[in-house]
Amino acid sequence: MSHVSSNGRDLTVRYAFIQFAFWMNFASIVGFASIYLLNAGFSNTQIGIMSAAAGIFSALLQPVIASYADKASSPSLKKITLFVSAIPLAFSVLLNISGRSRIFTGLFYGGCIAFLQVLTPMINSLGMESLNQGRKLNFGISRGMGSLAYAVAAYFLGILVDKKGPATVPPVILLGFGLLIVFVLIFPFQKVPHKVTDSSAKDTAPSGILTFFIKYKRFTVVLIGCVLLYISHVFINNFTFQIIEPKGGTSSSMGVAMALGSVLELPTMFLFGYMLKKARCDFWFRISGIFFTLKILFSLLVTNMTAFYAVQLFQVGGWALIAVSSVYYVNSIMEPEDAIKGQAYITMTYTLGSVLGALLGGTLLDHVGVDAMLIYGTIAAFIGAVLLLLASEKPRQTE
């Protein structure tokens with residue numbers, strides 16, 4: 001590993017570029033899905049079904065790729081990430097040239113959503129694996145740059161869509177995936193296989209799915225809690241435009257709200273290393289559920305855009321906190337041979353939350369309206385928060 005730079009600042013900057021490109025993609029693909037797809041002729045229910053299908057596909061693929069990446073004989077995580085990133089890059093190219101075909105638009109846009117979710121645990125594991133190798137990298141600051149990217153992309157894309165129309169979304173998606181591949185290429189990552197001796201081979205082999213959940217019983221309950229929290233999160237994020245229209249919002253004000261929420265995430269992410277010195281990662285992970293519940297509750301209660309902007313303050317302890325603390329939490333309770341798989345499963349909770357949130361959200365919007373959707377989301381978030389409070393466990397190792 002001597003040829004790989006060990007300078008903490010340099011490594012943090014390079015990893016921050018990866019997070020920047022990745023979350024720029026999230027803003028354009030997920031944040032503006034409703035506006036783009038409604039304009040392409042899809043109904044809310046159809047958007048929900050398409051997003052759910054993409055989520056199911058990624059949920060099936062994530063543990064397969066993670067199990068493969070955990071094997072000592074597999075290529076490095078960096079090579080696997082580059083290969084997987086090339087697939088949505090191709091979809092984004094096709095999306096830009098597919099014209100007005102609803103079938104192709106749905107397939108290519110759905111493909112971008114699916115592989116964006118597949119990439120999430122891989123991007124997180126690139127940072128965690130580097131930390132596990134003893135290299136200096138500030139994950140919180142790097143992830144904070146991802147939120148900054150989300151804010152910048154959401155704000156400017158909101159203005160572009162307002163002025164030029166939804167056709168501006170696909171070129172931004174293409175740019176995001178292109179940048180992601182470039183930044184992963186220049187990130188100095190080296191695979192370090194887990195040491196396995198003959199006498200310990202049985203204990204250190206990557207766990208199968210059933211064995212994994214028997215081994216980490218309380219983690220299973222935590223995963224269920226996260227799914228419920230993310231359902232509420234998806235209700236707000238995927239259907240922001242529908243939520244703010246009755247409050248007097250436009251696509252431009254939607255971009256402002258998304259950008260504001262992302263900017264408010266920055267202090268939590270940038271200071272998370274300091275926060276870990278004050279309390280363990282499981283503490284921060286637990287309380288994140290409370291803020292998810294408060295955000296969707298007040299999204300229901302407020303009646304105008306000024307108040308809706310103020311609701312974004314809950315992002316500080318909600319998404320911002322769980323996005324960083326969950327990665328540290330999983331890394332701290334997993335054995336090394338299960339680390340990538342653990343990150344995949346925690347990411348799958350977002351994927352499953354996206355599937356259920358997209359299906360339920362679209363259906364509820366079309367049949368009973370925005371308020372009913374937000375009431376169901378508040379109930380889901382409350383139950384999820386309780387499960388996180390009760391089931392989260394003390395880390396096996398210090399962060």
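1. Seven cavities of 30 Å³ or more are counted. A cavity is a set of points, on a 1 Å grid over the protein atoms alone, where a 1.4 Å probe fits but cannot get out, and lining residues have an atom within 4 Å of a point. The model is predicted: local features need pLDDT of at least 70 and side-chain atom pairs pLDDT 80 or more, while totals for chains, interfaces and linings use all residues. Residues are numbered from 1 along each chain, and side-chain values use heavy atoms, without hydrogens and water.

2. The largest cavity has a volume of about 240 Å³, a volume being the space filled by probe spheres set on the points. Its lining comprises 21 residues, with Tyr 150, His 233, Asn 237, Met 258 and Gln 315 nearest the centre. H12 supplies the largest share of this lining, five residues; helices (DSSP runs of H or I, at least four residues) are numbered from the N terminus.

3. The second largest cavity holds about 170 Å³ of space. Of its 14 lining residues, Thr 120, Asn 124, Tyr 230, Trp 319 and Ser 326 lie nearest the centre. Here the largest share, five residues, comes from H16.

4. H6 (residues 139–164) and H12 (residues 251–270) pack at about 170°, with axes 8 Å apart; axes are lines fitted to C-alpha atoms over the stretch in contact, and angles run from 0 to 180 degrees between N-to-C directions. H6 is therefore roughly antiparallel to H12 (angles over 145 degrees).

Terms used. Helix = DSSP H or I, 4+ residues; strand = E, 2+ residues; numbered from the N terminus. Parallel < 35°, antiparallel > 145°, perpendicular 65-115°, else oblique. 1 Å grid on protein atoms, 1.4 Å probe; cavity = no way out; pocket = protein on both sides within 12 Å on 5 of 7 lines; lining within 4 Å.
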